[in-house]
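Look at the sequence and the model first, then read the points below.

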Amino acid sequence: MTSPSRPPHRAGFACFVGRPNAGKSTLTNALVGTKVAITSNRPQTTRHTVRGIVHREDAQLVLVDTPGLHKPRTLLGERLNDVVRTTWAEVDVIGFCLPADQKTGPGDRFIAAELAKLKRTPKVAVVTKTDLVDSKTLAAQLVAVDRLGRELGIEWAEIVPVSATAGSQVSLLADLLAPMLPESPPLYPDGDLTDEPEQVMVAELIREAALEGVRDELPHSIAVVVEEMLPREDRPADKPLLDIHANLFIERPSQKGIVIGPGGKRLKEVGSRSRKHIEALLGTPVFLDLHVKVAKDWQRDPKQLRRLGF
């Protein structure tokens, strides 16, 4: 029973939407307080619905991180858009992310028009990356976002400026989202930060490291599959080691050299960079074995998409 002085506990799902690279994943990580969503300065890096879980005294906010909605050019693109729309229909509140350092454009309008079709779900406009602009530019963007809503018939529940990297107004955003959730006991045990299987998260961390610094044509062409994760046998209990074997799939043989680098240098960097994050995530030392394989035109092939988990 809830005592009169204490408001009822709330729990539910929220998702951040926005064009690619609008700061959705960084915001998810900032709210959860740890790295659960893959972040990259390349558009379209998020492929899995990573749920980050924010635990509070009064509420549990489960964040669903969707791929960016975009005009699809491949079968993979169409599937990602389907994932987005299904997710939108199932959440309790939607945060629409618009970067402060870029004027609202056709991409934002395209998403806002889709959002306008969802009549019942409350929508919060989140102006992200406020650390990159001065107060005058920010004020102009807040006005533009308000106008965009009015033109398309969206009544924003709130318009909130935040900077996930600087930690500015992130907790205020959580304060505003919590009351929009239904009354409910917690949906996940205290301490859980995500319900993604560990193998999927490990694959995402490897993929993020592989994307760093490669040329523009590659982001959509890399898929990572963790083949196995096994504790190394014959290790003393106080010195465990986890063996992780993973394959990086690309679409064309010509891309292999880009991922591996001269003398295998890039792949080694990918391994050491992702290993640090994986060890932090799993809390155990890891031996990471990476291989690069070609899966020809996998983004257009339904059979290969299935095999790679899409």
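The face of helix 7 turned away from its buried side carries Pro253 and Ser254, which are exposed. Buried means under 20% relative accessible area, exposed over 50%, and partly exposed in between (1.4 Å probe, protein chains only). Helices (H or I, at least four residues) and strands (E, at least two) are DSSP runs, numbered from the N terminus. This is a predicted model, in which local features need pLDDT of at least 70 and side-chain atom pairs count only at pLDDT 80 or more, while totals for chains, interfaces and linings use all residues. Residues are numbered from 1 along each chain as its sequence is written, and side-chain values use heavy atoms, with hydrogens and water left out.

**Helix 7**

- Helix 7 covers residues 253–260, and its buried residues are Gln255, Ile258 and Val259.
- Seen down the helix axis, these buried residues fall within an arc of 95°, so they line one face of helix 7. The arc is that of the directions from the helix axis to the C-beta atoms.
- The cover over the buried residues of helix 7 includes strand 8 (242–250), helix 8 (265–282) and strand 9 (286–294).
- Gly261 follows helix 7 and has a positive phi, near 80°.

**Helix 2**

- The 16 residues of helix 2 (residues 75–90) should span 22 Å at 1.5 Å a residue, and its end C-alpha atoms are 23 Å apart, which agrees. The expected span is 1.5 Å times one less than the number of residues.
- Buried in helix 2 are Leu76, Gly77, Leu80, Asn81, Val84, Thr87 and Trp88.
- The buried residues of helix 2 fall within an arc of 135° seen down its axis, so they line one face of the helix.
- Ala89 and Glu90 are exposed on the other side of helix 2.
- An α-helix has 3.6 residues a turn, so residues three or four places apart point the same way.

**Whole chain**

- The protein chain has nine helices and nine strands.
- Of the 310 residues in the protein chain, 48% are buried.
- Among contacts (heavy atoms within 4.5 Å) between residues at least 6 apart in sequence, 71% join residues at least 24 apart.
- The accessible surface of the protein chain is about 15200 Å², and 52% of that surface belongs to carbon and sulfur atoms. Accessible areas come from the Shrake-Rupley method with a 1.4 Å probe; for residues, only the protein chains shown count as cover.
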